[in-house]
Amino acid sequence: MAAPRDETHFGYSTIPLAEKQGRVDDVFHSVARRYDLMNDLMSGGLHRAWKDALLTAVNPPKGDRPFALLDLAGGTGDVAFRVAQAGGANTRVTVCDINAEMLAVGAERAAQRGLDHAVTFDQGNAEELPYPDKSFDCVTIAFGIRNVPRIDRALAEAHRVLKIGGRFLCLEFSAVDVPGLDALYELYSFKLIPRIGQAVTGDREAYQYLVESIRKFPRPPVFARMIEDAGFRRVSFRQMTGGVVALHSGWKL
Ligand SMILES: C[S@@+](CC[C@H](N)C(=O)[O-])C[C@H]1O[C@@H](n2cnc3c(N)ncnc32)[C@H](O)[C@@H]1O
């Protein structure tokens with residue numbers, strides 16, 4: 001059931017809307033240093049294939065054509081690095097994330113990989129972006145939107161900062177719809193992920209939140225409608241790995 005307007009879900013709990021961002025920030029502050037390792041462990045490396053599908057959809061130009069990508073809730077820069085490496089000489093990626101700890105890990109990695117000329121890290125809230133209208137050719141958000149308290153505002157902001165003809169792409173955990181796999185996934189999510197989280201990051205609660213927040217996120221057709229409501233056109237989605245994740249797409253036309 002949907003929470004009242006001034007309340008929201010934090011995993012399976014209902015909390016005041018105004019408290020959600022602080023609680024989410026605590027989660028990512030606590031796991032930042034181990035975040036990328038946890039992604040590999042939890043998904044068995046599958047998050048790489050999902051991000052590759054996102055990269056294929058972004059399709060940064062290989063030549064000299066300028067291309068500006070905004071990666072919202074971009075955390076430690078994983079999506080940004082993939083796009084910067086795949087794109088041509090004038091591909092520029094801006095990572096915008098609310099959490100300074102995640103950004104600091106990302107900035108260190110960009111320097112280590114020699115990508116700091118192509119990738120910038122900005123602290124900012126997806127609900128209120130610090131960029132002018134029509135600044136980017138593409139806006140991505142990977143495993144970030146379900147953490148944002150006011151999803152409608154973040155979608156409206158993504159639309160505002162996109163150039164006309166620009167594309168919005170959102171990769172997010174979804175609902176498993178393959179009989180048999182759903183029960184297995186449920187068991188894995190609720191029994192194993194919080195334990196792996198405890199062992200690797202020392203924070204079981206953070207991973208309990210993660211699993212619960214996935215279950216509370218709107219199903220693909222509902223989320224697609226939210227993207228349309230923000231003004232995007234030709235909205236579509238594609239589920240992957242039996243529905244474990246969904247890639248949504250919309251255009252600013
Ligand atoms: C699960 S991580 C995803 C990181 C990265 N996109 C990836 O796929 O590896 C979620 C990120 O969302 C960020 N986040 C949460 N609320 C946000 C907000 N309101 N604005 C911007 N970023 C936010 C968190 O700080 C965290 O880095």
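By class, the lining of the largest cavity comprises 13 nonpolar, nine polar and five charged residues, where Ala, Val, Leu, Ile, Met, Phe, Trp, Tyr, Cys and Pro count as nonpolar, Asp, Glu, Lys and Arg as charged, and the others, Gly among them, as polar. The structure is a predicted model, in which local features need pLDDT of at least 70, side-chain atom pairs count only at pLDDT 80 or more, and totals for chains, interfaces and linings use all residues. Residues are numbered from 1 along each chain as its sequence is written, and side-chain values use heavy atoms, with hydrogens and water left out.

A cavity is defined on a 1 Å grid over the protein atoms alone, as a set of points where a 1.4 Å probe fits but cannot get out; lining residues have an atom within 4 Å of a point. Grid points are joined across faces, edges and corners, and a volume is the space filled by probe spheres set on the points. The count by this rule is three cavities of 30 Å³ or more.

The largest cavity has a volume of about 360 Å³. Its lining has 27 residues, and Ala 73, Gly 74, Gly 75, Asp 97 and Gly 144 lie nearest its centre. Two or more lining residues come from each of H1, strand S3 (67–72), helix H4 (78–86) and strand S4 (91–97); helices (H or I, at least four residues) and strands (E, at least two) are DSSP runs, numbered from the N terminus. H1 gives the largest share of this lining, four residues.

The ligand sits in the largest cavity, the criterion being that more than half of its atoms lie within 2 Å of the cavity's grid points. Around the ligand there are 20 residues, of which Gln 21, Ala 73, Asp 97, Ala 126 and Ala 142 come nearest; a residue is near if one of its heavy atoms lies within 4 Å. The shell divides into ten nonpolar, eight polar and two charged residues. Its largest share, three residues, is again from H1.

A polar side-chain atom of Lys 51 is 3.2 Å from a ligand oxygen atom. An N or O atom in the side chain of Asn 125 lies 2.9 Å from a nitrogen atom of the ligand. From Ala 142, a backbone N or O atom is 2.8 Å from a ligand nitrogen atom. The protein covers 99% of the 600 Å² of accessible area that the ligand has on its own, by the Shrake-Rupley method with a 1.4 Å probe.

The second largest cavity has a volume of about 50 Å³. Its lining consists of Val 27, Phe 28, Val 31, Tyr 35, Ala 206, Tyr 207 and Leu 210, with H1 and H8 each supplying at least two of the residues. By class these are seven nonpolar, no polar and no charged residues.

Pockets are treated separately: a pocket is an open set with protein on both sides within 12 Å along at least five of seven lines. The second largest pocket has a volume of about 380 Å³. It is lined by 24 residues, with Met 42, Ser 43, Trp 50, Phe 173 and Val 244 nearest its centre. H7 gives the largest share of the lining, five residues.

Technical notes: Polar contact = N/O pair within 3.5 Å; in protein donor to acceptor, adjacent residues only side chain to side chain.
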